[in-house]
Amino acid sequence: MSAYRCGLVAVIGRPNVGKSTLINAVMGRKVSIVTAKPQTTRHRILAVHTDPNAQIIFVDTPGIHRKAAKAMNKLMNRTATNALADADVVLFVIDATHWTPEDDDVLKRLKEARAPIVAVLNKVDKVHPKEHLLDTIGLMAARHDFAEIIPVSALKQDNLDHLMDLLPPFLPESPPLFPEDMYTDRSKEFHAAEVIREKLTLMLHQELPYGLTVQVERFLEEESGITINAIIWVERDSQKGIVVGKNGGVLKKVGRAARLELKEQLQRSVHLELWVKVKSNWADNMTDLMNLGYEAP
Ligand code: GDP
Ligand code: MG
């Protein structure tokens, strides 16, 4: 029998290419929230996949993006770049339907890291005709000497077994670093806040989701169920009304969707209370960011 392997697989790419979807798909559960809007993932989140031969620790990261005007966006870019330092292998995720200048930026940073890079061409379900994929693979091979280039669809769960088989040889021989029943480094409180933010992002339009954050104040597990109190922080007074909605309609919908999902995931009844509060310009204030759970990498 070969030795046990364990190590870190950093999942890196520009926003919205499907990094979190990919991780959730290989994990078979939702570890990281997903929306169609860029910059949904704001934190470094570990997803631990344990099998009899290897423990693969995926590092989900915020998308590396160009327009990083606010302190939060700078922090997000740094969080992603820092994940490279510890990685045993990097999954460079791109959208197989098109290459952008932001992909170029990311690749430039990856080349400076020492870890081997596997190019993951995601969203192949959207590539038509399929022959285009061969061109894309050829173009990728010309851009860098990747350890592997692998087309997948995270959404349709296509070719993910192949991706998983490919990873253990990149990892060092090591006993597992996490207990086998632990699938993330994040707490239930953190996940609850993320699920609430996901529902807000899905239900609110345009720029507003970028200006809000969710803080779980109380997470009380009792015999009868779980009580969660959370604050939705917005940047300006004018945003508060939009988040609450007419007769509280938006907030009610968000609360309901989040509660149903958390109930399903936690297998407990959930009582959820949401408040909307203003903290002016929190996303550009380092002290606020730290207090709201945005850790410096
Ligand atoms: P991230 O920002 O890189 O983490 O991207 P997300 O995982 O949040 O996904 C961004 C959007 O792309 C979401 O709407 C996903 O449903 C969608 N998506 C992710 N993977 C695929 C895929 O393989 N095929 C298609 N068609 N859409 C995908
Ligand atoms: Mg993400």
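Arg-14 and Asp-103 form a salt bridge whose closest N and O atoms are 3.1 Å apart; the term denotes a side-chain nitrogen of Lys or Arg within 4 Å of a carboxyl oxygen of Asp or Glu. This pair joins distant parts of the chain, since Arg-14 belongs to the loop between strand S1 (5-12) and H1, Asp-103 belongs to helix H3 (residues 101-112), and 89 residues separate them. Helices (H or I, at least four residues) and strands (E, at least two) are DSSP runs, numbered from the N terminus. Both Arg-14 and Asp-103 are buried, where buried means under 20% relative accessible area, exposed means over 50%, and partly exposed lies in between (1.4 Å probe, protein chains only).

The model is predicted: local features need pLDDT of at least 70, side-chain atom pairs count only at pLDDT 80 or more, and totals for chains, interfaces and linings use all residues. Residues are numbered from 1 along each chain as its sequence is written, chains are lettered from A and ligands numbered from 1 in the order in which they are written, and side-chain values use heavy atoms, with hydrogens and water left out.

Side chains of opposite charge can pair when their charged atoms come close. In this structure the count of salt bridges comes to 13. One of them joins Glu-261 to Lys-30, with the closest N and O atoms 2.8 Å apart. Here too distant parts of the chain are linked: Glu-261 is in helix H8 (residues 249-266), Lys-30 is in the loop between H1 and S2, and the two are 231 residues apart. Glu-261 is buried, as its relative accessible area is 17%, whereas Lys-30, at 24%, counts as partly exposed. Lys-30 and Glu-261 also belong to a network of salt bridges that includes Glu-198 and Lys-199.

A further salt bridge brings together the side chains of Glu-235 and Lys-70, at 2.9 Å from N to O. Glu-235 lies in the loop between strand S8 (225-234) and helix H7 (237-244), and Lys-70 lies in the loop between strand S3 (54-60) and helix H2 (71-86), so that this pair links distant parts of the chain, 165 residues apart. Glu-235 has a relative accessibility of 5% and therefore counts as buried; Lys-70, at 28%, counts as partly exposed.

The discussion now turns to the metal site. Ser-20 (OG) and Thr-41 (OG1) coordinate the magnesium ion (ligand 2), at 2.0 to 2.2 Å. Ser-20 is in helix H1 (residues 19-27) and Thr-41 is in the loop between H1 and strand S2 (45-50), a pair that links distant parts of the chain, 21 residues apart. Donors are N, O and S atoms within 2.8 Å of the metal (3.2 Å for Na, K and Ca), and because water is not among the atoms, sites may look incomplete. Ser-20 counts as buried because its relative accessibility is 7%, and Thr-41 is buried with a relative accessible area of 9%.

Strands S7, S8 and S9 make up an open sheet of 3 strands in the order S7-S8-S9, with mixed pairing; two strands pair if DSSP finds at least two bridges between them. Strand S7 (213-222) and strand S9 (270-278) stand at the edges, each with a single partner strand, so one side of each has no neighbour in the sheet. From one strand to the next the twist averages 15 degrees. Axes are lines fitted to C-alpha atoms, for helices over the stretch in contact, and angles run from 0 to 180 degrees between N-to-C directions. S8 and S9 pair in the parallel sense over 9 bridges, and Leu-272 in S9 is the bridge partner of Ile-228. Helix H7 packs on the sheet, touching S8 and S9, and its direction makes about 155 degrees with that of S9; contact means heavy atoms within 4.5 Å. Helix H8 lies across S7, S8 and S9 and runs at about 140 degrees to S9.

Lys-263 is found in helix H8 and is partly exposed, with a relative accessible area of 40%. Not counting residues up to four places away in sequence, Lys-263 touches Arg-268, Ser-269 and Val-270. Lys-263 and Ile-226 are 37 residues apart in sequence and 8.8 Å apart in space, C-alpha to C-alpha.
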